[in-house]
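Here's a walk through one protein model, helix by helix and contact by contact. Have the structure open while you read.

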Amino acid sequence: ERKMPKSRLVLLDANVVIGLFELKLWDALVARYEVLIAETCVGEALWYEDGEHRIDIDLAPYIADNRITTVSADLSAVQAFSKRFEPNYLEKLDPGELESLTHLLATENPAAPCQICSGDRIVYRVLGNLGEGELGISLEELLSAIGRTVKVGRMFTKAFREEATDQGFKERMRGLGVKGPSAGPKKGW
């Protein structure tokens, strides 16, 4: 059996990892994408409920044999990233999302662009606010690209991602989200 080369780098939020396990599509996705997960998210994606049972998620074997890669952002980088935002944005970001976004936006590699996949509106709002909307991708889009068309919750759809990214962009135009003189339309940091 011929092994397909892995497609682009994707950084998954904890809610996407959990969603993939619930859909029984985790292995299919990991086989086709270079998957990155922030260390904080590994600690957040521990289990899910299948109706009456709690099912544990064990990412350790995937990490041990390099099927997925954990990434981290040091505390000072996370704090510097956080300081760029108004409290109305910051309070919605959980530690895993903060670490993921800090890593994503601090890593410049044009040869292998990374995208983040989340089910949380604030992740896409931040990207839209920073003018980096193309760095977001929905679970629906990831699965569709590997030929898996399944019904996902609204928070995992392309429409949800686009709407939240647009909301962040519009908030930036109104001077919301990013603090101070760095607010307003511009590319980069």
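Which helices do the buried residues of α10 pack against? They pack against α6 (87–90), α8 (121–129) and α9 (139–145), where buried means under 20% relative accessible area, exposed over 50% and partly exposed in between, using a 1.4 Å probe and protein chains only.

A quick word on ground rules. This is a predicted model, so local features need pLDDT of at least 70 and side-chain atom pairs count only at pLDDT 80 or more, while totals for chains, interfaces and linings use all residues. Residues are numbered from 1 along each chain as its sequence is written, and side-chain values use heavy atoms, with hydrogens and water left out.

**The overall picture**

The protein chain holds 10 helices and 6 strands; these are DSSP runs, with helices being H or I of at least four residues and strands being E of at least two, numbered from the N terminus. Of its 189 residues, 47% are buried. Take the contacts (heavy atoms within 4.5 Å) between residues at least 6 apart in sequence: 71% of them join residues at least 24 apart.

**Back to α10**

Helix α10 covers residues 158–173, and at 1.5 Å a residue its 16 residues should span 22 Å. (The expected span is 1.5 Å times one less than the number of residues.) The end C-alpha atoms are 23 Å apart, which agrees. Its buried residues are Phe160, Arg161, Ala164, Thr165, Gly168, Glu171 and Arg172. They cover an arc of only 130 degrees around the axis, which puts them on the same side of α10; the arc is taken from the directions from the helix axis to the C-beta atoms. An α-helix has 3.6 residues a turn, so residues three or four places apart point the same way. After α10 comes Gly175, with a positive phi near 80 degrees.

Glu171 has 9% relative accessibility and counts as buried. Its side chain makes a polar contact with the side chain of Arg125, at 3.1 Å. A polar contact here is a pair of N or O atoms within 3.5 Å; within protein, one must be able to donate a hydrogen and the other to accept it, and residues adjacent in sequence count only if both atoms are side-chain atoms. Leaving aside neighbours within four places in sequence, Glu171 is in contact with Tyr89, Arg125, Asn129 and Leu176. Arg172 is also in α10. Arg172 and Arg125 are 47 residues apart in sequence, with their C-alpha atoms 9.5 Å apart.

**Over to α8**

Arg125 is among the buried residues of α8, along with Ile122, Val123, Tyr124, Val126, Leu127, Gly128 and Asn129. With 8 of its 9 residues buried, α8 is largely enclosed by the rest of the structure. What do those buried residues pack against? The list is α5 (75–82), α6, α7 (95–106), β6 (114–117) and α10. Just after α8, Gly131 takes a positive phi of about 70 degrees.

**The nonpolar core**

In soluble globular proteins, nonpolar side chains tend to be buried together. Here the largest nonpolar core has 59 residues, and Leu12, Trp26, Val35 and Ile37 have the most contacts inside it. Such a core is a set of buried Ala, Val, Leu, Ile, Met, Phe, Trp, Tyr and Cys residues joined through side-chain atoms within 4.5 Å. Helix α1 (residues 14–22) gives the most to this core, with 6 residues.

Which residues does Trp26 touch, leaving aside its neighbours within four places in sequence? Its contacts are Leu12, Val17, Leu20, Phe21, Val35, Ile37, Leu59, Tyr62 and Ile68. Leu20 and Leu143 are 123 residues apart along the chain, yet their C-alpha atoms are separated by 9.7 Å.

Strand β2 (residues 33–38) is mostly covered, with 5 of its 6 residues buried. It pairs with strand β5 (residues 68–71) in the parallel sense over 4 bridges; pairing requires that DSSP finds at least two bridges between the strands. Across that pairing, Ile37 stands opposite Thr70 in β5.

Neighbours within four places in sequence aside, His103 is in contact with Leu11, Leu36, Val71, Ser72 and Ala73.

| Residue | Relative accessible area |
|---|---|
| Leu20 | 0% |
| Arg172 | 5% |
| Glu171 | 9% |
| His103 | 17% |
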